[in-house]
Amino acid sequence: MERIGVFLCTGCDIGASLETGALAALAKGRGAVHFAAHACLCSQEGVASLRATAEGGAVDALVIAACSGRHKQPEFTFDPARVAVERVGLREQVAWSHPSGHEDTQMLAEDLLRMGITRAAKVRLPQRAADHVERTVLVVGGGLAGLQAAQAAAGLDHPVVLVEKTAELGGYLSRLTDLVPAAPPYDRLEPSPLPALVSAIRGDPRIRVLTGTRIARISGQPGQFVIEVERGDAREQFNAGAIVQATGALPYDAARLSHLGYGQLRNVITTGELDLSLARRDLARVPGGKPPRRILFVQCAGSRDDSHLPYCSNECCGATLRQVLAIHQGWPGVECAVIYRDLRTPGQLEHFYRAVQEQTRVMLARGTVASVTGHGGTLQVSVRDSSLGEQVELEADLVVLATGMVPNAADGEAIRALRDAKRRIEKNESETQRKAAEETAASLARHEGTEILNLTYRQGPDLPALAHGFPNSHFICFPYETRRTGIYAAGAVRGPMDAAQAAEDGWGAAMKASQVISAAGRGEAVHPRAADIGVADFFLQRCTQCKRCTEECPFGTLDEDEKGTPQYNPLRCRRCGICLGACPERIVSYPDYSVDAIAGMIKAIEVPEEDEEKPRILALLCENDALPALDDAALGRAAWNPWVRVISVRCLGAVNIVWIADALSRGIDGVLLVGCKRGSDYQCHYIQGSELAHKRLENVQETLTRLSLEPERVRVVELARNELPRIPAIFDEYAEALAALGPNPLKGF
Amino acid sequence: MASPTVMCPDVELRSELERRGAGSAARCFQCATCSSVCDLVTTDATFPRRQMLWAQWGFVDRLVADPTLWLCHQCNDCTARCPRDARPGDVLQVLRALMIERLAAPRFMARLVGRAAVTWPVLVGLPILFWAALIFATTGFGSPGVPLVYGEVVPHWTIYAVFFPAAAFAVAASGAGARRYWRAWRSDEASRGSPLKELAGVAKEILIHSRFARCREARPRQLGHLALLWGFLGAALTSGLIVVAMYGLGEELPLPQAHPFKILGNVSAALLVVGISWLLATRLLGSRAGASQAYDSFFLGLVTVLVATGVAVEIARYVFPAWLAIGLYVVHLGIVLALFVTFPYSKFAHALYRTLAMAQERLAAKRRPQ
């Protein structure tokens, strides 16, 4: 931007701890066309003066040196297409966290202001790219979650198309008449809401139900998806703005539980099979057709077991209690025993557990079922690890295995890897390549033909699977989010859950779908950079088709042409900047976040000479968790090291390596990257950002060693949003570690 | 590991516990709060968690052979703190009743007393009727003089003729139960040896209620029980002394009020009145004392009527018409007889089983390698 106005707020201790005259001189010296100090910039009067300056056209960029950009947003937000706003957090990063009137404090404030002005000079104004969007919501899967999502989306005034591959709506629940309680007093079975919901959906003119239908192809982006469905031989095409995948779960394959007698003994069945018998009001499954007198339920059959499903399916204990109560009420002579590892009844289901416990014909006991063996018509169930401290053999006429849930989802990335491998086999370029490809294809063979959504995305035809094959974003803050913008997961496909949770999921996912459609219509990003209208710009003339951006984008935003040049889909883009961090040619930039702008900020840091003994540390903080934590630490008046200069980045994955090189070559002593947790319990808002940053940084450290710089001059720290007390220590420890290394040898060059 | 225990889920035990008011055992989820808060639990005797678990699984044979059931004084510290309201204190109480019923001989008597909720009119009425009939047959209730001398209406020989055999029956039946009980725990290695040697130590514990005093929730009840115990012992001693007075010292009955034996008897009666009132009050007022079942109520009722009629009989001589005084005396004698005959089967048997259990535990503690 060309005409920069600098507004300095002197309230909230800022004026008292700094020499404001020097800051005014600095602003003028850096070419600001306007400077004003105000005792309370967020007051009506202060905001009016800002507005007059901005809207009068005197400036096209505002540098507001006041509080952190996370505060006072209503006051300091202007039309992003007309004026750029750069917030310099003098209150949190200087006045509240450093000693008042100190020389180092003043230097810090001046550096921050210099950095802010430099960035304001380098940003561009984004153009709001509002486009036509389709308001229809496509719901895939006609189980409870899908039905609820369809009804909710229709209620939010969206046309809905509900696609179900079988001939009937209802999914698993259609075999149940009663469910575990979802309403007070939570102590009795409740009639299933499914029949009423199905007839409501069937009678709703806003909802088109396509049963016996599969998805042939989905292309496009949020607001502009093009859907092709197949119904027998008939094909049909329509548009949709967002997609809810509610394809549910399948019971774990009990055939793999041979130690529990399944498949070998006729009277060993699964929860699902017992549900079918109960639906027929028929318990005669034991040899001879006699109804069983004693039924034994085995909980965690193939669950919480590393050789089967490592997780708890959350729902099976409730299902068993439901069946026990149904048997108790319908077949009063039948005795039930439940052997559990931990009877897990989340939430209000504890009341239901207690109600079932009161039934005299139910024995609930802790233990692990080691084996089930046949003995005439009677089964011997061997229980170990019971609280009794001894091995016990129980007899039963029927054994019911409470099997867990496996998501009914396709692993998009695996399918793509399989397709790539097959293509390489066809090409047959070299013997070794063909062999490797054949091995890959063999290991991924089970993904053959599992496609559900058939996306035309470069990263694969379905949602990427995350932990345990569930396509959910996994992190607790972002339910229903998947790694494909505009496609939301609801119900048991997202995580193991019971009917009540699945219904709630339908609501949640429908609201996310509605939200993404309206955001697309306004040309805005969705969570976490909601309301961001800037889109990425790819300077393709310099693109080398290295495919890093198309591979690493967590949201599958980028497709490729035949040569491998990225093709950007702005409405899929979450503006995380991971492509910017990935690009070795540095051709990706956002209007207000570019390699040049951040590099400019780094270069604006004044690095004192070695003999001044004032080291400098560049801290790149993720704007999602680390920076808010820093702000909050300041709010609690935490004090930290004065050598640190903080720059907020969109994600650790949005850090381009060149910035680290820039910083170190300018004599900055060390670069600290603070971001979200990675790994299986990641908290990265863009799922893979922290993970990618770690990988990239390993390469950087190798490079540093080659340049005879210590690899310790770059450090990555993981910080959760609530770990603010750690912040001062993180900075201090790093400063100490750098002091031990001595000053950056490149200082002064 | 020993060969596995083969069993079926014992739904019968569950039903039986339910019927007796201990269905709450099903609620237990083995958190062990009960055993942690219990001040009577030792390394040699853990309860009530273990017993709750056995009750859930239906190990009835183990339960009725478990002496630790008797180490519990039912203070209900556990019941007050149980997070699932499984009422371990009450469950153990019911299990003790069940154990008495399974161990005592003859079986039909045990069942009769075990169903006291229904059978109590027979258990109390028959002895009273028996005494009325006996007196009618011997003295025909005569025409007593003034002041009333009970011995003129109820000759002493009838008392001996009834109570000596009754006491002998109680001793024999209790002995049979004690022997079965004894055998059940003799299989336990740590319990080898004779608990009789421990009885002196146990007696000391009982006389000052040092164990019962550790029960926090039951502190008020413990004082009432102590008064009742001393009252009983005093009354028993008085009975013996009166025989000595009559035949050894040649004294005439009734003894004058200033006689030392009479004073001892009156003090005992006072302790009994205080004790039983106290216990009744804790049952009626203290919600945390635990639920009273027929097992408890029957015995408490007998003792209450025993003490009430005993005191009333002494006063009635002076203030009531003769027919009423004699009527009370007949009821009193009937209750004493009922108490003697039901001793091996009622809650009264706790005097026997708990004493033995305490001796066994002391023995086990001594035998445990230090």
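Domain 1 of chain A and domain 6 of chain A have their centres 24 Å apart, taken over C-alpha atoms. This is a predicted model: local features need pLDDT of at least 70, side-chain atom pairs count only at pLDDT 80 or more, and totals for chains, interfaces and linings use all residues. Residues are numbered from 1 along each chain as its sequence is written, while chains are lettered from A and ligands numbered from 1 in the order in which they are written.

Now the bounds, which come from an automatic or database domain assignment. In chain A, domain 1 is 1–125 and domain 6 is 594–749. Between them sit domain 2 (137–248 + 450–521), domain 3 (252–407), domain 4 (412–448) and domain 5 (537–588).

Back to the contact. Domain 1 of chain A puts in 17 residues, and domain 6 of chain A puts in 19. Contact here means C-beta atoms, placed from the backbone, within 7 Å.

What supplies the domain 1 side? Helix 4 (90–95) and helix 5 (103–122) of chain A each supply at least two residues. Helix 5 of chain A gives the most, with nine residues. Helices are DSSP runs of H or I, at least four residues; strands are runs of E, at least two; both are numbered from the N terminus.

By class, that side of domain 1 has seven charged residues (Asp, Glu, Lys, Arg), four nonpolar (Ala, Val, Leu, Ile, Met, Phe, Trp, Tyr, Cys, Pro) and six polar (the others, Gly among them).

Last, the whole chain. Chain A has 20 helices and 32 strands. Its C-alpha atoms fill a box of roughly 95 × 65 × 60 Å along the principal axes.

Note on methods: Two residues are in contact if their C-beta atoms, placed from the backbone, lie within 7 Å.
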